[in-house]
Amino acid sequence: MSAKIRKLVTMIEETFSEGGRAVSPPTRRAAAIAVIENTHAGRFVEDLSDLMAIGEELGELLSRRAVAALGIPGEKVESYGKAAAVGEDGELEHAAAILHPKLGAPVRKVLGKGAALIPSSKKRGGLGVTLDIPLGHKDAAFVRSHFDGMEVRVSDAPRANEIMVAIAVTDSGRPHPRVGGLQKHEIRGEDGLR
Amino acid sequence: MPEVVIRKIVTQVEDVFHEGGPAAKQPYRRGAVLAVIANPYAGKYVADIQGFMEDLKPLGLDMAKRLIAALGVAPGEIEGYGKGAVVGSAGEVEHGALWHAPGGYGMREVLGGTKAIVPSAKKVGGPGARLDVPITHVNASFVRSHFDAIEVGIVDAPRAGEMVLVLAMTTGPRVHNRAGGLAAKDIKGEDGLR
């Protein structure tokens with residue numbers, strides 16, 4: 001592992017009731033978050049390939065931890081998302097280097113598939129900044145019941161020279177979805193869209 | 001007796017590898033479990049509320065078991081604990097006080113009769129309210145290396161008519177503890193204090 005990890009955080013959320021009506025089985029989602037050192041904080045560095053390699057490592061580590069937290073095989077994951085928050089001395093481009101070039105492939109390996117784009121968000125912020133990780137169906141981005149977001153936060157991160165990287169996975173869509181659109185049983189799951 | 005109606009359960013686990021100093025051999029692991037339940041006394045003054053403590057006992061036990069499972073350690077490896085509650089705006093802080101007995105009971109049952117008082121914090125707050133749950137050593141409150149706090153919160157809870165109940169546990173001292181005082185190895189562990 002070339003990433004210098006200060007902290008790993010995992011959170012699981014299970015919803016038993018929404019709008020006063022029972023959710024059965026409960027909808028479940030998990031996020032795994034790594035707080036790592038940003039070796040490029042405070043100066044402009046042209047070549048970000050080391051952060052891209054860290055993205056590859058974290059893609060596997062965080063997706064494994066999040067799936068393990070749900071306690072299901074990777075193939076049973078229904079939706080996913082990723083996000084990063086860069087501390088105050090870093091650039092948004094540092095988050096992009098971790099999230100976009102290499103993080104996705106190991107995630108898809110852990111999940112068995114993942115034809116859809118992994119929806120993402122990024123920002124710069126101080127300690128305790130919130131990340132809203134966008135969620136979408138892993139094989140068909142247009143599945144409307146699975147559009148969602150999961151807020152995560154680590155109270156003491158990111159420090160100025162750190163990056164917080166998060167991956168979220170679910171075993172379900174929203175509780176009580178009823179706004180129509182493409183249903184998960186209708187997808188082909190080949191082009192990542194439908 | 002009012003029924004315990006659970007809307008959501010959130011579990012979070014954090015592995016702390018270092019905080020700028022030498023990396024720990026074993027990461028310091030901390031976790032919390034949060035249950036969002038309906039507050040049966042919201043919106044009205046009810047004089048006799050003590051019966052609800054008994055109703056909450058199974059939840060306290062279930063949450064303690066969930067937390068141990070999420071931490072992935074044996075009960076004997078838990079060295080610190082704490083508890084807390086956030087009561088939604090239509091309730092009283094006194095309703096949060098109902099968690100003292102069942103929350104402590106649940107953890108003592110699972111951890112096998114710990115000696116120290118379970119430190120606690122509570123307040124009335126809105127959705128997303130953050131709570132700093134105090135942590136002390138499970139058998140001797142004065143152990144300085146184990147004083148800590150875990151910040152928790154749920155973005156959409158507590159609603160006005162809800163309560164968030166929290167249990168927290170840790171597997172050891174702060175990662176770079178060096179502030180002296182009573183050491184865990186020096187405790188007698190009889191009176192719960194030293």
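Predicted model: local features only at pLDDT ≥ 70, side-chain atom pairs only at ≥ 80, totals over all residues.
1. **Chain B as a whole.** Followed from the N terminus, the elements come in the order β-β-α-β-α-α-β-β-β-β. The radius of gyration of chain B is 17 Å, close to the 16 Å that the globule rule gives for 194 residues, so the chain is as compact as a globular protein of that length.

2. **Inside chain B.** Of the 194 residues in chain B, 47% are buried. Take the contacts in chain B between residues at least 6 apart in sequence: 79% of them join residues at least 24 apart.

3. **Strand β1 of chain B.** This strand covers residues 6-16, and 10 of its 11 residues are buried, so to speak a mostly covered strand. Within chain B, β1(B) pairs with β2(B) in the antiparallel sense, over 10 bridges. To see one place in this pairing, look for B:V10, which stands opposite B:L34 in β2(B).

4. **Where the two chains meet.** Chain A brings 15 residues to the contact and chain B brings 17 residues. On the side of chain A that touches chain B, the element that gives the most is strand β1 of chain A (residues 5-18), with 13 residues. That side of chain A is made up of six nonpolar, four polar and five charged residues.

5. **Strand to strand across the contact.** β1(A) and β1(B) run antiparallel and are joined by nine bridges. Two pairs are handy to find on the screen. A:V9 has B:E14 as its bridge partner in β1(B), while the partner of A:E14 in that strand is B:I9. As background, side chains in a regular strand alternate between the two faces of the sheet.

6. **Helix α1 of chain B.** How far apart are the end C-alpha atoms of helix α1 (residues 51-71) of chain B? They are 31 Å apart, which agrees with the 30 Å that its 21 residues should span at 1.5 Å a residue. Even so, the helix is worth a look at B:K57, where α1(B) bends by about 35°. A proline, B:P58, follows within four residues of that bend. After α1(B) comes B:G72, with a positive phi near 65°.

7. **What covers that helix.** Buried residues of α1(B) include B:L56, B:L59, B:M63, B:L67 and B:L71, and also B:G60 and B:R66. Among the elements of chain B that cover the buried residues of this helix are β1, β2 (28-38), α3 (100-111) and β7 (162-170).

8. A:L135 belongs to strand β5 of chain A, residues 131-137. Is A:L135 buried or exposed? A:L135 has 25 other C-beta atoms within 10 Å, and is therefore buried. Leaving aside residues up to four places away in sequence, A:L135 touches residues including A:S79, A:Y80, A:G81, A:P119, A:H146 and A:A168. A:G149 is also one of the residues that A:L135 touches; these two are 14 residues apart along the chain, yet their C-alpha atoms are separated by 5.2 Å.

Conventions:
Residues numbered from 1 in each chain as written. Chains lettered and ligands numbered in written order. Helix = DSSP H or I, 4+ residues; strand = E, 2+ residues; numbered from the N terminus. Rg over C-alpha atoms; globule rule 2.2 N^0.38 Å. Buried ≥ 20, exposed ≤ 12 C-beta atoms within 10 Å, placed from the backbone. Contact = placed C-beta atoms within 7 Å. Nonpolar A, V, L, I, M, F, W, Y, C, P; charged D, E, K, R; others polar. Pairing = 2+ DSSP bridges. Expected span 1.5 Å × (residues − 1). Bend = angle between axes of the 7 residues up to and from the residue.
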